[in-house]
Amino acid sequence: MTHLTLRTPDDWHLHLRDGAMLRAVLPHSAAHFARAIIMPNLVPPVVTGADAAAYRARIMAALPEGADFIPLMTLYLTEDTDPDDVAAAHASGLIHAVKLYPAGATTNSASGVANFDRVQGVLERMAQIGLPLCVHGEVTDPTVDIFDREAVFIDRILDPLRRRVPVLKVVMEHITTSQGVDYVKTHDTGLGATITTHHLVINRNHILAGGIRPHYYCLPVAKREEHRLALRAAATSGDARFFLGTDSAPHTDPAKLQPCGCAGCFTAPNTMPILAHVFEQDGALANLESFASLNGPAFYGLPPNSSTITLTKGAPDQPTHIDTDDGPVTIFDPGFTPDWHVTARSSC
Ligand code: NCD
Ligand code: ZN
């Protein structure tokens, strides 16, 4: 097979940032994806409907001429989030999810939730109106080993939360463990998970063996090989509960390459070539469209895109970084040359 045509994919977890970084990274997502769930962890975070409307306008203004891309906005859940504001932003069609960051779990999460009792009212309202909660699933307890934080989160926080608000639709974002995969599989409806590009490719050795590689450092941190294999199996299976969320999270090289470097991999430009390579390697090219283009819209109650994207066999030279007015941003290096590249995108 030399050409592969899919319905245009969507990215169900994307960091676009703001200002110069937004202008530099947005064209890369808009080139391959029709829609994306936009993460709200700006400084200050996108907390209210008015914040989301203003951020959406900045994204639309930064889109290249003629681009065919719809940002699906989210709100950043805080202990002071007003259920009426959330419901109004959802009713107007502006927001498609609310994002839960445990306070201190990751980049710009200081305003996140520490006391879960304080968000019970918002969660109940979201359950009533069918608005999904996207969850950064890591505990922040400093006594819990960083490689165990996702598994402990499921037991200590997520499962109890879902029992308290059983109707709430939940997306476990960027799962990195077999426990995450297994937990999602115990539920037939109302629970899904995004899987990133990089977690299908790297394990923790890539970060730490033979020298420290800051460009592979992201949160949740990549785990053991057995977990990567569990993610690969889930993503390539076609199971509707698993869908693509790149978690493309650009930081400038100076911000990554320092004694306390930032977490995040920038995968927007080469996600689709990498995924085609990975799915082909696993004999699952036929399931790539489910993972990247069909399962996400079905979970979010949206139609799949009617436009298409075409990938072609071959590996033209790819850039290693992009330049932004804030500095260079390194593009994720999968450690192999993807055997596919994007050659066409039709509009609907
Ligand atoms: C994200 C970022 O930089 O905003 N970083 C990351 O490593 N994924 C935050 C996040 O999604 O955890
Ligand atoms: Zn993220």
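Hi everyone, thanks for coming. One thing to keep in mind before I start: what you see above is a predicted model.

Rolling a probe the size of a water molecule over the atoms shows where empty space is left. Counting cavities of 30 Å³ or more, we get 2. In the largest cavity there is about 120 Å³ of space. Its lining is made of 17 residues, and His15, Thr106, Thr107, Leu219 and Asp247 are the closest to the centre. If you like to sort by class, that lining splits into 9 polar, 5 nonpolar and 3 charged residues.

So where does ligand 1 sit? Ligand 1 is in the largest cavity. Around ligand 1 we find 15 residues, and the closest are Asn41, Thr106, Leu219, Asp247 and His251. The shell around the ligand has 9 polar residues, 4 nonpolar ones and 2 charged ones.

The side chain of Asn41 has an N or O atom 2.8 Å from an oxygen atom of ligand 1. For His251, a polar side-chain atom is also 2.8 Å from a ligand oxygen. Then there is His15, where an N or O atom of the side chain is 3.1 Å from an oxygen atom of ligand 1. And how much of the ligand does the protein bury? Ligand 1 taken alone exposes 320 Å², and 100% of that is buried by the protein.

Now to the second largest cavity, which has a volume of about 70 Å³. There are 15 residues in its lining, with His215, Gly264, Cys265, Phe266 and Thr330 nearest the centre. Two elements each give at least two residues to this lining, helix H9 (253-256) and strand E12 (327-330). By class, the lining of the second largest cavity has 8 nonpolar, 4 polar and 3 charged residues.

Next, the open side of things. The largest pocket has a volume of about 360 Å³. It is lined by 20 residues, and those nearest its centre are Asn270, Gln318, Pro319, Pro334 and Pro338. That lining counts 11 nonpolar, 7 polar and 2 charged residues.

I'll finish with the backbone. Most residues other than glycine have a negative phi, and most peptide bonds are trans. With that as background, which peptide bonds here are worth a look? From Val43 to Pro44 the bond is cis, with omega near -5°, and Pro44 belongs to the loop between strand E3 (35-38) and helix H2 (49-62). Another cis bond joins Leu219 and Pro220, with omega about -10°.

Last one: Arg17 is not a glycine, yet its phi is positive, at about 60°. You can find Arg17 in the loop between strand E2 (11-14) and helix H1 (19-32).

That's my tour, and I'm happy to go back to any part of it.

Conventions: Residues are numbered from 1 along each chain as its sequence is written. Chains are lettered from A and ligands numbered from 1 in the order in which they are written. This is a predicted model: local features need pLDDT of at least 70, side-chain atom pairs count only at pLDDT 80 or more; totals for chains, interfaces and linings use all residues. Side-chain values use heavy atoms; hydrogens and water are left out. On a 1 Å grid over the protein atoms alone, a cavity is a set of points where a 1.4 Å probe fits but cannot get out, and a pocket is an open set with protein on both sides within 12 Å along at least five of seven lines; lining residues have an atom within 4 Å of a point. Grid points are joined across faces, edges and corners, and a volume is the space filled by probe spheres set on the points. Ala, Val, Leu, Ile, Met, Phe, Trp, Tyr, Cys and Pro count as nonpolar, Asp, Glu, Lys and Arg as charged, and the others, Gly among them, as polar. A residue is near a molecule or strand if one of its heavy atoms lies within 4 Å of it. A polar contact is a pair of N or O atoms within 3.5 Å; within protein, one must be able to donate a hydrogen and the other to accept it, and residues adjacent in sequence count only if both atoms are side-chain atoms. Accessible areas come from the Shrake-Rupley method with a 1.4 Å probe; for residues, only the protein chains shown count as cover. A molecule sits in a cavity or pocket if more than half of its atoms lie within 2 Å of its grid points. Helices (H or I, at least four residues) and strands (E, at least two) are DSSP runs, numbered from the N terminus.
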